[in-house]
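Dear colleague,

I am passing on the structure we spoke about, and I would be glad if you could look through it with the notes below beside you.

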Amino acid sequence: MEKCSHLHNSDPNMDFPQHFRCPISMELMKDPVTICTGVTYERKNIEKWLNSYKKNTCPATMQCIDSFEMTPNHTLKRLIQAWQQNGKSKSCIPSSPAQAAKHEELISLLKTIESTPFKVSPLKKLKSVVEIGDEIKLDFKKSGGVEVLVKIVVQILVECCSDFVAFRACEEAIGVLDQLPLSDEEEDCQTLQLLMKPECIKSFTIMLQRGSAEARFCIVSIFQKMARADFHWNHAIKDEGIDFFKSLLEIVSDEMCTRASSCALQVLIDILDASKKSRLQAIEAGALCTLIDLLPDSNKSKCEKIMLLIKLLCECAEGRLAFIEHGLGIAAISKKMLSVSTAATKIGVKILWLICISHPTENVLEEMLMFGSVKKLVALLHIGGSSTTKARVIKIFKYHGNTWKRYPCFPSDVKDYLGLGYDI
């Protein structure tokens, strides 16, 4: 095979990967292009080969070239740039033959995924490779793999969900993304930024509504990692707003996948605990109605999470109003107090306290008596508990004892204990 000797500059000490080298010059490519034979070259080198030297063969394969069209290899260019940004020898040079083989397989899969319209099969294979361990996951991120997957995820916005192949590819890409650890460490910042792009969040929201059970769980799992990694990640969901919370609440209500439901509850806690603005969006999406309906039949773990969410929402006036308007909010909270856990009881008292200090109507106070809230608050005065919880109970009676004392079922010893008397 004839070569241009003045372009060939092979250095045995070069530390960049073989597939980043131009087959002509053996130097790191800056503008890689692929010709009709499928081989990628540095643009200026292949142009000189074809134009200046009037060759009509592929330098690497010696096949005759039918077309002189050159296609920019964006995937390889991104991989090279990612390798350069993250430190050359440290990030891409495998430390053993086995790791070198896995690296080559990873790069080959990424190139295939980028170029083929049939992405599901290579994505499944990619998932099995990424699952192997932390080292290959780090290699995947530093090789530009997240960029390739995010591009597939946002493609469903272009296809408007009508392309089944694109939809399935999106599900598989989400499954791979869920394998990646996310934290607030510097090495994960780029990944978080990509996942928090508005178009990516919008695609995730669509998949929460229409994806398979496994895909929905993976998205919720990704959201949980994002929420824990970045306290301010709520800005990423501001454009989706109500639709985002409606989608999460549908997962919370899904009795077929308790794993996804529990994970979605934790995501809501992470979001609402960090942002009061998000609480208003969740209320508008019907969060309180959904949570109150789920509470009576929830187990201990789920009960505590639901009650914590209700407490967070009731910390704003709109939440308290939605709680009261539901009609069964007080009954649901009363049922769980003293019967689930100390944590649930403490949260239940906080919810009732929030309702009671915000000028409740006579009807609300009657419901508290009718559904057993007052009875359980009285019991808490006798059995004790944390000083904060007891102080809240006493304050509730100080505010509304005069209303409740008129009912014959209100204990006389509580009247004396609180100094309410009988003719106030």
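In what follows, buried means under 20% relative accessible area, exposed means over 50%, and partly exposed is anything in between, with a 1.4 Å probe and protein chains only. Please bear in mind that this is a predicted model, in which local features need pLDDT of at least 70 and side-chain atom pairs count only at pLDDT 80 or more, while totals for chains, interfaces and linings use all residues. Residues are numbered from 1 along each chain as its sequence is written, and side-chain values use heavy atoms, with hydrogens and water left out.

Salt bridges

The structure holds 12 salt bridges, a salt bridge being a side-chain nitrogen of Lys or Arg within 4 Å of a carboxyl oxygen of Asp or Glu. Helices and strands are named here as DSSP runs (H or I of at least four residues for helices, E of at least two for strands), numbered from the N terminus.

One of these salt bridges joins the side chains of Glu315 and Arg279, at 2.9 Å from N to O. Glu315 sits in the loop between helix H16 (300-314) and helix H17 (317-326), whereas Arg279 belongs to helix H14 (residues 276-284), so the pair ties together parts that are 36 residues apart in sequence. Arg279 is buried, at 7% relative accessibility, while Glu315 is partly exposed at 31%. Both residues also belong to a network of salt bridges that links Arg279, Lys311, Glu315 and Lys350.

Another salt bridge is formed by Lys225 and Asp178, whose closest N and O atoms are 3.4 Å apart. Since Lys225 lies in helix H11 (residues 213-229) and Asp178 in the loop between helix H8 (164-177) and helix H9 (186-195), this pair ties together parts that are 47 residues apart in sequence. Here Asp178 is buried, with a relative accessible area of 13%, and Lys225 is partly exposed, with 22%.

Asp31 and Arg43 likewise meet through their side chains in a salt bridge, at 2.8 Å from N to O. Asp31 lies in the segment before strand S1 (32-34) and Arg43 in helix H1 (residues 43-52), so that parts 12 residues apart in sequence are tied together by the pair. Asp31 is partly exposed, with a relative accessible area of 25%, and Arg43 is also partly exposed, at 24%.

The sheet

Three strands make up an open sheet in the order S2-S1-S3, with antiparallel pairing, where two strands pair if DSSP finds at least two bridges between them. Strand S2 (40-42) and strand S3 (71-72) are the edge strands, each pairing on one side only. S1 and S3 are paired in the antiparallel sense over two bridges, and Thr34 has Thr71 as its bridge partner in S3. Helix H1 lies across S1, S2 and S3 and runs at about 95° to S2; axes are lines fitted to C-alpha atoms, for helices over the stretch in contact (heavy atoms within 4.5 Å), and angles run from 0 to 180 degrees between N-to-C directions.

Backbone angles

Leu338 is not a glycine, yet it has a positive phi of about 70°. Leu338 is placed in the loop between helix H18 (329-336) and helix H19 (342-356), and it is partly exposed, with a relative accessible area of 38%. His359, also not a glycine, has a positive phi of about 55°. His359 is found in the loop between H19 and helix H20 (362-370) and counts as exposed, at 76% relative accessibility.
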